[in-house]
Amino acid sequence: MTDSNPYDQLNSPFLSELGFNLQAVLHSNCLPNDVLASLPDQFACLQSSGFSILMLGNGGNRFWQRFQESEFAHQANHPVDRYSVSVAGQFVLQRWPQYTYHVLYPGPHPVALQRLGELAGWHHDSPIKVGINSVWGTWFAYRAVLLIEANLQATLPVQADSPCTSCQQKPCLNQCPSNALGFPQEFLERCLPYRLQPNSACQSTCLAREACPVQAQHRYSRPQIEYHYLDSLQTIKSL
């Protein structure tokens with residue numbers, strides 16, 4: 001773990017070089033009931049013996065750079081997810097080859113990513129409804145969550161306050177064209193229809209997110225921002 005990035009907790013040159021610079025291990029004995037209940041039923045039998053949750057994420061731009069250099073970059077069907085699962089699997093086979101693992105995320109079963117992020121100290125709520133922390137701002141993402149059939153040593157939660165509490169001007173609030181941030185209880189009802197409008201300024205980005213001053217030097221590159229937001233736009237259209 002480096003002084004500048006307390007989320008780099010597994011001291012893995014392999015992961016760090018590939019941009020997976022947020023890592024955490026959570027033990028099943030420390031998971032609250034709502035998180036345990038969110039796991040697929042097939043893993044209920046493991047609770048008596050114990051298991052571990054490995055979380056991998058990225059902050060900043062290195063992940064996207066390494067993804068673009070990989071064999072997955074020009075493949076169809078969720079290439080970022082496939083790349084992330086591949087790297088996560090390689091890491092487990094290097095670090096804990098004797099243990100069986102299962103990919104929880106990305107996958108078909110919903111995973112309580114934000115709750116896991118809270119437990120690891122990665123995630124604070126923000127007005128724009130994406131996670132924020134003091135090192136990466138909003139420019140981090142959850143990339144892979146694996147369940148490992150072993151009682152691994154858990155990492156300690158990162159202790160840091162939300163940067164939103166000390167942000168005086170909160171420029172994000174004035175940059176949302178749909179005014180969704182001004183009505184938190186109606187956030188999705190305002191945000192999603194606006195994004196679907198033909199002339200929406202938020203089809204391939206989030207103007208409020210880009211206005212956030214916290215750790216703005218880690219902002220994703222324009223191609224990465226457009227990739228993720230256009231991908232989410234297709235998901236919204238399919239609902």
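Two strands pair if DSSP finds at least two bridges between them. Helices (H or I, at least four residues) and strands (E, at least two) are DSSP runs, numbered from the N terminus. The model is predicted: local features need pLDDT of at least 70, side-chain atom pairs count only at pLDDT 80 or more, and totals for chains, interfaces and linings use all residues. Residues are numbered from 1 along each chain as its sequence is written, and side-chain values use heavy atoms, with hydrogens and water left out.

Start with strand β2. Strand β1 (residues 22-27) pairs with β2 in the antiparallel sense, over six bridges. Strand β4 (residues 140-148) also runs antiparallel to β2, joined to it by eight bridges. L56 of β2 has bridge partners in both: Q23 and, in β4, A144.

How enclosed is β2? Eight of the eight residues of this strand (residues 52-59) are buried, so the rest of the structure largely encloses it. Buried means under 20% relative accessible area, exposed over 50%, and partly exposed in between (1.4 Å probe, protein chains only). S52, L54, L56 and N58 point one way from β2. I53, M55, G57 and G59 point the other way. Both sets are buried.

Next, the cores. In soluble globular proteins, nonpolar side chains tend to be buried together. A nonpolar core is here a set of buried Ala, Val, Leu, Ile, Met, Phe, Trp, Tyr and Cys residues joined through side-chain atoms within 4.5 Å. The largest one has 26 residues. L31, F51, I53, M55, L104, L116 and W122 have the most contacts inside it. β1, α2 (33-38), β2, α5 and β4 each give two or more residues to this core. β4 gives the most, with four residues. Another core lies apart from it, with 24 residues, among them V25, F63, A73 and I148.

W122 links to several parts of the chain. Contact means heavy atoms within 4.5 Å. Leaving aside neighbours within four places in sequence, W122 is in contact with residues including L22, Q23 and A24, then M55, L56 and G57, and also F140 and Y142.

Now look at V87, in helix α4. V87 is buried, with a relative accessible area of 2%. Beyond its neighbours within four places in sequence, V87 is in contact with F14, L15, L18 and F20. V87 and F20 are 67 residues apart in sequence, yet 8.9 Å apart in space, C-alpha to C-alpha.

On a 1 Å grid over the protein atoms alone, a cavity is a set of points where a 1.4 Å probe fits but cannot get out, and a pocket is an open set with protein on both sides within 12 Å along at least five of seven lines; lining residues have an atom within 4 Å of a point. Grid points are joined across faces, edges and corners, and a volume is the space filled by probe spheres set on the points.

The largest pocket has a volume of about 1400 Å³. Of its 44 lining residues, V130, R209, H228, Y229 and S232 are the closest to its centre. Elements that give two or more residues to the lining include α4 (79-95), β4 and α8 (222-238). α8 gives the most, with nine residues.

A search of the whole structure finds one cavity of 30 Å³ or more. The largest cavity has a volume of about 110 Å³. Of its 13 lining residues, P127, I132, C164, C172 and C212 lie nearest its centre.
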